[in-house]
Amino acid sequence: MSYIRELTVNHSFFNSNSQVLEGRVIRRLVCLTERVEDLVSEFDRRTTLGTTDGSDAEVFESSNTIENRRYRSYKKLVIWCPSVRMLIQSSAESSELAGICNKLNRSADAARGDDTTSLKFAVASWLMQTSPTPNPIISNRDKSCRGFRHDTMGKLLCPVDYNWDDAVVREAIRNYHPDYRVTSYSWPSYLYRDGHYDTKNPTKGLFKGELLVKAVKHIFTSPTSAENTSGFLSSCDFPKRRRTTGERRTRCDLRFALSSAGSWRIMDDDFDQEEFYHNIVDYFELCPSTEAAKEVENLLLWWNQQVFGRRNVSEYRPQKTERLSVAMTSTAR
């Protein structure tokens with residue numbers, strides 16, 4: 001019998017509270033839109049190709065990009081939602097499986113709703129504290145005047161391939177001119193430090209935008225920590241687990257907060273939020289060279305320092321103690 005049909009409800013390790021808590025993690029750390037049953041189905045598909053226990057599922061790499069993305073998301077799912085792994089090793093009726101997946105999906109979507117609502121208010125507050133003060137003022141409730149209709153937010157949302165300071169470009173974007181389409185094939189300016197894009201070095205400053213750091217800290221540590229720019233967290237702000245991967249999804253939430261969209265949706269005019277998310281994930285997870293992998297490793301170190309504090313570096317980049325003097329002297333004796 002396939003794994004997808006062997007899930008069960010075992011209340012000793014998967015009660016309603018754990019479903020809610022683990023479900024809230026999914027949109028933050030696992031995937032943007034995929035349903036739990038689709039992720040488990042991809043694992044199940046791979047196990048039916050010839051493996052007996054799922055341990056070799058990864059060797060069945062697919063030529064289908066969507067399937068590979070789903071399987072990578074599945075691996076994150078069983079890390080951040082450990083009860084799912086235990087369920088896969090059990091047995092259940094399909095109706096029980098459907099009920100569990102439904103609860104996890106509802107909790108996941110509720111967490112995204114909470115995050116986007118919270119950021120809608122926070123982003124307005126942060127931008128109104130900047131100098132010069134945005135004009136017109138940014139309402140923390142009404143989003144209809146956000147997005148490209150507002151000069152401040154439009155500049156942050158503007159693809160780095162266009163020059164927002166050019167009045168002709170601004171007008172073209174607002175009028176949906178085909179030569180100035182806003183799509184997921186361009187990085188928005190808010191992803192870059194100071195909004196600066198260097199055509200000769202396009203990765204310089206990428207994913208280091210100040211507003212982006214605030215958004216990640218707001219969601220993953222605490223709203224008050226978003227106001228802390230010292231790089232040090234108090235004990236009450238410090239999270240129990242490192243959640244660096246979550247800042248990838250927060251970039252999508254921040255874009256929604258800046259936009260004029262009244263509700264979260266995958267397609268925002270020509271901009272595909274899901275493709276945008278995958279472009280970011282692929283940048284971090286599918287490095288084309290060892291140099292690119294090292295660059296990503298340094299970028300993640302920078303992020304951990306920004307979000308979790310410089311004092312805690314040993315937590316997210318442990319020392320290689322076997323190469324240090326204590327170990328060397330022990331070996332030499």
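Which residues form one aromatic cluster? The cluster is made up of W187, F207, F271, F276, Y283 and F284. The structure is a predicted model, in which local features need pLDDT of at least 70 and side-chain atom pairs count only at pLDDT 80 or more, while totals for chains, interfaces and linings use all residues. Residues are numbered from 1 along each chain as its sequence is written, and side-chain values use heavy atoms, with hydrogens and water left out.

Confidence is given by pLDDT, the predictor's score for each residue on a scale from 0 to 100. The chain has a mean pLDDT of 84, and 83% of its residues reach 70 or more. Helix α7 has the highest confidence, at 97, and helix α12 (residues 313-316) the lowest, at a mean of 68. Helices here are DSSP runs of H or I with at least four residues, strands are runs of E with at least two, and both are numbered from the N terminus. For residues 1-13 the pLDDT is below 50, and this stretch has 45 contacts beyond near neighbours in sequence; a contact means heavy atoms within 4.5 Å. Residues 232-244 also have pLDDT under 50, with 34 contacts beyond four places in sequence.

Back to the rings, where a pair of Phe, Tyr or Trp rings (the six-membered one for Trp) is counted if the centres lie within 6.5 Å; planes under 30 degrees apart are stacked, those over 60 edge-to-face and the rest tilted. By this rule there are twelve aromatic pairs. Y192 is buried, at 2% relative accessibility, while Y197 is partly exposed at 24%. These words refer to relative accessible area with a 1.4 Å probe and protein chains only: buried is under 20%, exposed over 50%, and partly exposed in between.

Charged side chains also meet aromatic rings. A charge sits over a ring if NZ of Lys or CZ of Arg is within 6 Å of the ring centre and within 35 degrees of the ring normal. R112 lies over the face of W264, 4.2 Å from the ring centre, and the charged end of K143 sits over the ring of F256, 3.6 Å from its centre.

N64 caps the N-terminal end of α3, with a side-chain oxygen 2.8 Å from the backbone nitrogen of I66. Among the buried residues of α3 are Y71, Y74, L77 and W80.

In the loop between α5 (94-128) and α6 (151-157) lies P132, and the peptide bond from S131 to P132 is cis, with omega near 0 degrees. P136 is found in the loop between α5 and α6, and the bond from N135 to P136 is cis, with omega near 5 degrees.

Definitions and conventions
Polar contact = N/O pair within 3.5 Å; in protein donor to acceptor, adjacent residues only side chain to side chain.
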